[in-house]
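Open the model in your viewer and keep the selection tool at hand. This tour goes stop by stop: what to select, then what is there.

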Amino acid sequence: MVKCFGHKQLRCIWLIVAMLLWASSAMATVTASVDRHTIAEDETVNLTIETSGSQSGEPDTSVLEKDFELLSRNHSSSYTITNGSMHSSSNWQLVLRPRTSGTLVIPPIAVGHEKTAAVTIEVTKAEVRQGAGGQPDGDVWVEMSLKPDHALVQQQVIVTIRVYQGVALAQAQLTEPEVKDAVIERLGEDRQYQQNRNGRSWEVTERQYALFPQQSGKIEIAPVELDAVTIAGAGGGGFSPFFQSTRPLQAHSNHLVVQVDPVPASWHGKEWLPATHVTLTEDWPEGKVFKTGEPITRTLTVKAEGLASSQLPALPSLLPDHLKAYPDQPALSDDKGEDGIVGMRREKVAMMPTQPGTYMLPEIELDWWNVATGKVEHATLPPRTFRVEGAVAAAPAMTPQLPGSSQPAETATAAPVQRVVSDAGWWRPVAIISTIGWLLTLLWMVFRRRRPHLGQTMVKQQSPDVRAARRAVIDACRNNDARGSEQALLQFAAASWPDEAGAAMAALMKRCDEPLSGQIGQLQQHLYGRDQGHWQGRELLHAFEQHDFARVTAAPEKELLPGLYPR
């Protein structure tokens, strides 16, 4: 007799099957994106649909028929094997032409069991060129436009150049826009699409630039020039690769004028920042309680839409007392897209609390001018409060006992002074000589026992800042943290020789000899050379603890290592 599965076994089997199906679907992703979000009603837009994971099936493009005409469709697939697991992905390229103008939504498109997210595009009315400034005769022409054509000093202006061609071109070269009293930067790669204009279909190549005028008044942009060769087949009326005729072609665009206004009188900020949007964010370690002598890393990031990173100012760095700051070099980057430049400035600083207590970092406020509303706005970070625990280590004062006294040091020193003086006539010189001899013997014994660790014997004589930085070097080396070891060495040098804090690494290297100088050189090579392996801090820690910085203070300067931040 065959025994059937029980309810518990069947329930477990169904649970396993459900989990497998869920995991399979979770690994599958379907996305949709377009190459442009703003187009004219007679232009085309490229829609890309990508799938990855175990998803299968073809996109259901019937939902596009209401607002778009599907002109072409291409499909490609790829497979990769990683650690014995195979991953597949598919890509569909669709060329769409909108049927009307306005705000159009590309609805979610089903691919198998998944759907893409909706994508919104703006379709504007096409402009028709007429009169003397209208479309030139011929099969190729160039057009240049501005957005906006009226701006403020240092405000971003988008310059768009479009090359319209009705015939095949070869060896095409387009000159760069020439403009005085302005900074101009190219935005991304060229875009290509189709457009019906004045009753004819054109292949369009679009190129964009971000222009930042540097003074008020009228700024002219000279016409750009296209040099190319047109290609046509000869004989029989059809195209033949063996019989071609070529003809050189040259086309010029229109010229443009930008009206630039000065900084508004209502602006009273420190740094002039005309933008469309500015944000100020902060990265802070987890928790609000820290230890005395441990570095706290704070990262501030400014992002500005419509400004290059070079235009963003340094942020204020006011700190409360007993909080030392060791800033890193700011990181600048520019994200260039179809809407212009988004500049970013990132500042990182390591703060070292030297005493316990409650600290408050002041509010940071950055004024900027909103070019869309014509008003002053503010990007702010609220004050930040945190607590530091742990007492500052201090060397206890030593009060030696007088010879022959059986009382503790505190009791002996508290005895009546009159009595000590009255009884001290004959043995006072003997006591002084004995005490000096005892101290010299003690120092000799300590020096002999700890001679291999000269660097450690100096710790008690160092300030709290130096001791905290020294502790940070030891901890970073023990954790094999190369970047942290570099920062801790800089903090140690700045705290040890504050008069040379502006060149902390140079101050450190002046006081280094082998083997410490060699270990620092190996650390630099790991951080800024081609060595990408795992760094071990054991040797650097050993050399650092053995080194006697006081002994080599007067040594002649050595050839410095390359800068920590090479260009």
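Start with an open sheet of three strands, in the order β22-β30-β27 and with mixed pairing. Strands here are DSSP runs of E with at least two residues, helices are runs of H or I with at least four residues, and both are numbered from the N terminus. Two strands count as paired if DSSP finds at least two bridges between them. This is a predicted model: local features need pLDDT of at least 70, side-chain atom pairs count only at pLDDT 80 or more, and totals for chains, interfaces and linings use all residues. Residues are numbered from 1 along each chain as its sequence is written, and side-chain values use heavy atoms, with hydrogens and water left out.

Which strands form the edges of the sheet? Select 289-291 for β22 and 357-361 for β27; each pairs on one side only. Neighbouring strands of this sheet are turned by 35 degrees against each other on average, direction ignored. The axes behind that angle are lines fitted to C-alpha atoms, for helices over the stretch in contact; angles run from 0 to 180 degrees between N-to-C directions.

Pick F290, then look across to V388 in β30, which stands opposite. Strands of a sheet pair through backbone hydrogen bonds, either parallel or antiparallel.

E389 forms a salt bridge with K291, with the closest N and O atoms 4.0 Å apart. (A salt bridge is a side-chain nitrogen of Lys or Arg within 4 Å of a carboxyl oxygen of Asp or Glu.) E389 lies in β30 and K291 in β22, so the pair ties together parts that are 98 residues apart in sequence. Buried or exposed, or in between? Buried means under 20% relative accessible area, exposed over 50%, and partly exposed in between, with a 1.4 Å probe and protein chains only. E389 is partly exposed at 32%, and K291 is partly exposed at 41%.

How many salt bridges does the structure hold? There are 17. Select D190 and R207 for another one, at 2.9 Å from N to O. D190 is in strand β14 (182-197) and R207 in strand β15 (200-213), so this pair links parts 17 residues apart in sequence. D190 is partly exposed at 32% relative accessibility. R207 is buried at 15%.

Next, select E282 and R298. Their salt bridge brings the closest N and O atoms to 2.6 Å. E282 sits in strand β21 (277-283) and R298 in strand β23 (296-305), so parts 16 residues apart in sequence are tied together. E282 is buried at 19%; R298 is buried at 7%.

Turn to the surface. Select I436, L440 and L443: they form a nonpolar patch with about 320 Å² of accessible area together. Areas come from the Shrake-Rupley method with a 1.4 Å probe; for residues, only the protein chains shown count as cover. Patches take residues with over 30% relative accessible area and no salt bridge, joining like charges within 9 Å and nonpolar side chains (Val, Leu, Ile, Met, Phe, Trp, Tyr) within 5 Å. L443 belongs to helix α4 (428-449). L443 is exposed, at 57%.

Last stop: H534. Find H534 in the loop between α9 (516-528) and α10 (538-546). H534 is exposed at 62% relative accessibility. Then select A482, 52 residues away along the chain: the C-alpha atoms of H534 and A482 are separated by 9.0 Å.
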